[in-house]
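User: I'm new to reading protein models and would like a close look at one part. Could you pick out a charged residue, tell me where it sits, and then walk me through its surroundings?

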Amino acid sequence: MSEVELVCIICPASCTLKARKLGDKVEVEGAGCARGVEYARQELVNPLRHVMTVVKVRSGDLPVVSVITSRPVPKSCVPEVVKAAALIEVEAPVELGQVIAEGVCGASLVATRRVKRIAT
């Protein structure tokens, strides 16, 4: 039984949580609400993250476009997402919200800004 201290990021209260995993159960102290308890459980059992990175752009007014995963992925997949993005190169123009790649750790990589095409 190990205790983990977390700062809840669900709301501005930023409660300091102490969480312990006891078999299949997770005990949480310090949560100001039920959402904090669920956050601590998720962090101990299966932590998830949105991943933000960049993808190369050819013929664009910017050399890269920022992307984010369409949904949170397991924390253990973060390096895989970053490696996959590093191998991708797209042709400008890129539109905000455009799906750049699908099936990366069960999520899509989505552009978070526009990149205009420039004459070459």
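Analyst: Let's start with Glu 89, which is partly exposed, with a relative accessible area of 41%. Keep in mind that this is a predicted model. The side chain of Glu 89 meets that of Arg 58 in a salt bridge, at 3.9 Å from N to O. Glu 89 belongs to strand β8 and Arg 58 to strand β5, so the pair ties together parts that are 31 residues apart in sequence. And Arg 58? At 35% relative accessibility, that residue counts as partly exposed too.

In soluble globular proteins, nonpolar side chains tend to be buried together. Here, the largest nonpolar core has 21 residues, and the ones touching the most other members are Val 55, Val 65, Val 94, Ile 100 and Leu 109. Two or more residues of this core come from each of β5 (52-58), β6 (64-69), α2 (78-86), β9 (99-104) and β10 (107-111). There is also a second, separate core of 8 residues, including Leu 6, Cys 8, Leu 17 and Tyr 39.

Glu 95 sits in the loop between β8 (89-91) and β9. With a relative accessible area of 36%, Glu 95 is partly exposed. Setting aside neighbours within four places in sequence, Glu 95 is in contact with Ala 111, Arg 113 and Arg 114. The C-alpha atoms of Glu 95 and Val 110 are 9.5 Å apart, although 15 residues separate the two along the chain.

Arg 49 is partly exposed at 27% relative accessibility, while Glu 43 is buried at 15%. Another pairs the side chains of Arg 20 and Glu 27, at 3.4 Å from N to O. In that pair, Arg 20 is buried, with a relative accessible area of 11%, whereas Glu 27 is partly exposed at 37%. Those two also belong to a network of salt bridges that links Glu 3, Arg 20, Glu 27 and Glu 29.

Terms used. Residues numbered from 1 in each chain as written. Predicted model: local features only at pLDDT ≥ 70, side-chain atom pairs only at ≥ 80, totals over all residues. Heavy atoms only, no water. Core = buried A, V, L, I, M, F, W, Y, C linked by side-chain atoms within 4.5 Å. Buried < 20%, exposed > 50% of the residue type's maximum accessible area, 1.4 Å probe, protein only. Helix = DSSP H or I, 4+ residues; strand = E, 2+ residues; numbered from the N terminus. Contact = heavy atoms within 4.5 Å. Salt bridge = Lys/Arg side-chain N within 4 Å of Asp/Glu carboxyl O.
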